[in-house]
Amino acid sequence: MRQSPTSVRFADLSRVCRHYFGEPRQSATSHQTYRTPWPGDPRVNIQNDHGQAKPYQVRQVLAPIEKLKEE
């Protein structure tokens, strides 16, 4: 995903988010909202764009995953 955030399927990104952040807080709309484990209630939002994940959202998901791996 890091090398090519433009070709990530939404279903794959959703699966990764569920693995690292648990079930989405919101999933009935076009967005899925995941809560990260840090104080201040930071969230990760992803959106289905005709079966593909939006590249900027892929990068937004990768940032907290890297932070989790560092801890």
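Me: In this predicted model, buried means under 20% relative accessible area. Is Gln47 buried or exposed?
Reply: Gln47 is found in strand β2. Its relative accessible area is 16%, and the limit for a buried residue is under 20%. Gln47 is therefore buried.

Me: Which residue is joined to Gln47 by a polar contact between side chains?
Reply: Leaving aside neighbours within four places in sequence, Gln47 is in contact with residues including Phe10, Ser30, His31 and Lys54. A polar contact of 3.3 Å joins the side chain of Gln47 to that of Lys54.

Me: How far apart are the end C-alpha atoms of α2, and what span should its 16 residues have?
Reply: At 1.5 Å a residue, the 16 residues of α2 should span 22 Å. The distance between the end C-alpha atoms agrees with this, at 23 Å.

Me: Which elements give two or more residues to the largest nonpolar core?
Reply: This core has 13 residues, and Leu13, Cys17, Phe21, Ile46 and Val61 touch the most other members. Two or more residues come from each of α1 (10-21), β2 (43-49) and α2 (55-70).

Me: What covers the buried residues of α2?
Reply: Buried residues in α2 are Gln57, Val58, Val61, Leu62, Pro64 and Ile65. Their cover includes α1, β1 (31-35), β2 and β3 (52-53).

Me: What is the angle between the planes of Tyr20 and Phe21?
Reply: The structure holds one aromatic pair. Tyr20 and Phe21 form this pair, with 6.5 Å from centre to centre. Tyr20 is partly exposed at 33% relative accessible area, whereas Phe21 is buried at 10%. The pair is tilted, and the angle between the planes is 50°.

Methods. Residues are numbered from 1 along each chain as its sequence is written. This is a predicted model: local features need pLDDT of at least 70, side-chain atom pairs count only at pLDDT 80 or more; totals for chains, interfaces and linings use all residues. Side-chain values use heavy atoms; hydrogens and water are left out. A nonpolar core is a set of buried Ala, Val, Leu, Ile, Met, Phe, Trp, Tyr and Cys residues joined through side-chain atoms within 4.5 Å. Buried means under 20% relative accessible area, exposed over 50%, partly exposed in between (1.4 Å probe, protein chains only). Helices (H or I, at least four residues) and strands (E, at least two) are DSSP runs, numbered from the N terminus. A polar contact is a pair of N or O atoms within 3.5 Å; within protein, one must be able to donate a hydrogen and the other to accept it, and residues adjacent in sequence count only if both atoms are side-chain atoms. Contact means heavy atoms within 4.5 Å. The expected span of a helix is 1.5 Å times one less than its number of residues. Rings of Phe, Tyr and Trp (its six-membered ring) pair if their centres lie within 6.5 Å; planes under 30 degrees apart count as stacked, over 60 as edge-to-face and the rest as tilted.
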